[in-house]
Amino acid sequence: MMKALLVYPEFPDTYWSFRHALKFEGRQSAFPPLGLLTVSAMLPRAWERRLVDMNVRRLTDADIEWADIVFVSAMIVQKESLERVVEMCKARGKRTVVGGPYVSTSAEHLPEADHIFVGEAETTLPDFLRDFESGETKRIYQAAERPTLNLTPIPDFRLAELGRYSAMSVQYSRGCPFQCEFCDIIEIYGRVPRTKSNEQMLAELDALREVGWRGLVFIVDDNFIGNKRNVKRLLPELVEWSDAHGRPFSFITEASVNLAEDDALLELMRRANFRRVFLGIETPVEESLKEAQKGQNTRRDLLESVRKIQSYGLEVMAGFIVGFDNDPEDIFERQINFIRESAIPLAMVGLLTALPDTQLWRRLKREGRLLKESSGNNTEGSLNFVPRMDTARLVEGYQRILRTIYSPAEYYQRALDCLSHLTQGPEPRRSRFTDDVKAFVRVAVALGVRDPARAEFWRYMKSAVTTHRRNFAHAVTLAAMGYHFRKLTEAL
Ligand code: B12
Ligand code: SF4
């Protein structure tokens, strides 16, 4: 019987790692590696499998010794860790197989693995398994077309150590109909959003319930509403499923800003217990949005759109970018003001990054402005192309945005404003009382006792108790998240 080890390399301490906030919850990582859980479910039933997510536990020699074959998945930010993993496995004579977004987009610097999977694996992995049986495997397996998601199996959730994550992940769709210039999603997953069937989605949620998961579920789609027609068919069934099972999950997801124009969809999301949605706002500057080919964000009042979504009880989290050619001199103040007025506590502000093989990458290459491959982390304050604005000024302005928006007084005020906007929210999260109390004590000690900004913290808590008692757990979570962002900003 074959023994398959699935390894998810370590990622650095970035804004998206949430590391400084996770410790309050007693968790090691935000989400499990869904790509690998999906790959695992495609392997022959008879194979034994183990998962080592290096963000929650160390990869040991014994793990590698145990395995006959090692499957590794990585994003660009994980490439150094990925290379070390491949070296370790090769040094022990193990067959290594690598896939995921990094190798799918960076054909030039492939790791020294035995097999590389470019693109989605629903059709190529079965090919590989057949070749493996017959002893005639290839080095590169490139998906000829984008598979229908009806082929995607229920991920092997039981492999994940549930207690180490703060949320579980499922995926409903891949691809996005828009054409933002900097985006690699449309290059990797295409512009025709493919969705799973309602039955598949509900079966995945059943599987999560059966392994014992309760609480937050991240629907990892890049644009959950990319195929509005299908999503509107899914949501009523999701509401029914949720009600029938005692509402075991709340959801977070990502969507395009045109969500704001669809009250019916927002109402369905509210009823289905969606709590937070990540929007790609990018910039309040119309000219920069046009340059980025982000037509879906122009011709609309972005502040109003955020307000509308918040009014359905959905906390808005959003991505912002500086470094567009059309950014005016006062872009930094404009971003700060927008983030303040929109009451978006978790604002992911990044420098424009040219990811490999995107339209932006190709344009900058033509213009002779590309400097190097991107590190994959657009929030570390370094540029991989020559910007129109003076580089030093751009980086200084970028850092100023982060220092301002994550300064304690500014952040706590924004979090309170956000809570005030969440008017017709769903039922408050059902409390896992002991977990919540433990988390609150940890937050109170770190932010209310040890932190130099403790006075601001207690002012925030007082307002949260008096004005937002219903959303108190949410207020505590926001405080913890803000601390994470502040810590990373201090390290810039
Ligand atoms: C969830 C998610 C996260 C989670 C990670 C959770 C986790 N533990 O995996 C969080 C929020 C932490 C995250 C963070 C980041 N992310 Co992210 N993330 C995603 C997202 C939205 C979904 C990933 C997912 O679960 N997909 C579902 C699975 C089923 O799909 P999949 O992984 O592609 O797997 C399929 C194939 O690729 C293949 N496959 C995958 N692995 C393997 C391995 C083998 C051996 C084989 C054979 C096949 C195979 O088979 C699967 C089935 O077809 C993707 C976008 C996307 N649509 O995938 C971005 C994405 C992967 N993230 C990206 C980025 C840039 C980041 C950040 C760097 C952002 C930032 N600036 O900070 C950070 C880095 C992390 C960190 N802490 O430093 C980029 C990666 C670009 C690249 N080329 O590497 C993506 C593509 C989105 C984007 N365009 O920005 N992310
Ligand atoms: S809306 Fe988001 S996922 Fe869609 S193309 Fe633009 S950046 Fe990419």
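Biologist: In this predicted model, which residue of E3 is the bridge partner of Leu5?

Modeller: Leu5 has Val70 as its bridge partner in E3.

Biologist: What makes strand E1 and strand E3 a pair?

Modeller: Two strands pair if at least two bridges are found between them. Strand E1 (residues 3-8) and strand E3 (residues 69-73) have four bridges, in the parallel sense; therefore they count as a pair.

Biologist: What is the order of the open sheet to which E1 and E3 belong?

Modeller: The order is E2-E1-E3-E4-E5-E6, six strands with parallel pairing.

Biologist: Why are strand E2 and strand E6 said to stand at the edges?

Modeller: Strand E2 (48-53) and strand E6 (140-142) each have a single partner strand, so one side of each has no neighbour in the sheet. On average, neighbouring strands of this sheet are turned by 20 degrees against each other, direction ignored.

Biologist: Which helices lie across these strands?

Modeller: Helix H2 (residues 34-42) lies across E1, E2 and E3, at about 165 degrees to E1. Helix H6 (residues 124-134) lies across E3, strand E4 (95-99), strand E5 (115-118) and E6, and runs at about 145 degrees to E6.

Biologist: How do you know that E7 pairs with strand E10?

Modeller: Three bridges join E7 to strand E10 (residues 215-219), and the two run parallel. Pairing requires at least two bridges, so E7 and E10 meet the criterion. Val170 stands opposite Ile219 in E10.

Biologist: Where do E7 and E10 stand in their open sheet?

Modeller: The order of its six strands is E7-E10-E11-E12-E13-E14, with parallel pairing. Strand E7 (168-170) and strand E14 (347-351) are the edge strands, each pairing on one side only. Helix H13 (residues 331-342) packs on this sheet, where it touches strand E12 (274-282), strand E13 (315-322) and E14; its direction makes about 175 degrees with that of E13.

Biologist: Which residues are closest to the centre of the second largest pocket?

Modeller: Of the 15 lining residues, these are Ser104, Val118, Gln142, Glu187 and Ile188. The pocket has a volume of about 280 Å³, and helix H5 (101-105) and helix H7 (185-188) each supply at least two residues of its lining. That lining has six nonpolar, four polar and five charged residues.

Methods:
Residues numbered from 1 in each chain as written. Chains lettered and ligands numbered in written order. Predicted model: local features only at pLDDT ≥ 70, side-chain atom pairs only at ≥ 80, totals over all residues. Heavy atoms only, no water. Axes fitted to C-alpha atoms, helices over the stretch in contact; angles between N-to-C directions. Contact = heavy atoms within 4.5 Å. 1 Å grid on protein atoms, 1.4 Å probe; cavity = no way out; pocket = protein on both sides within 12 Å on 5 of 7 lines; lining within 4 Å. Points joined across faces, edges and corners; volume = space filled by probe spheres on them. Nonpolar A, V, L, I, M, F, W, Y, C, P; charged D, E, K, R; others polar.
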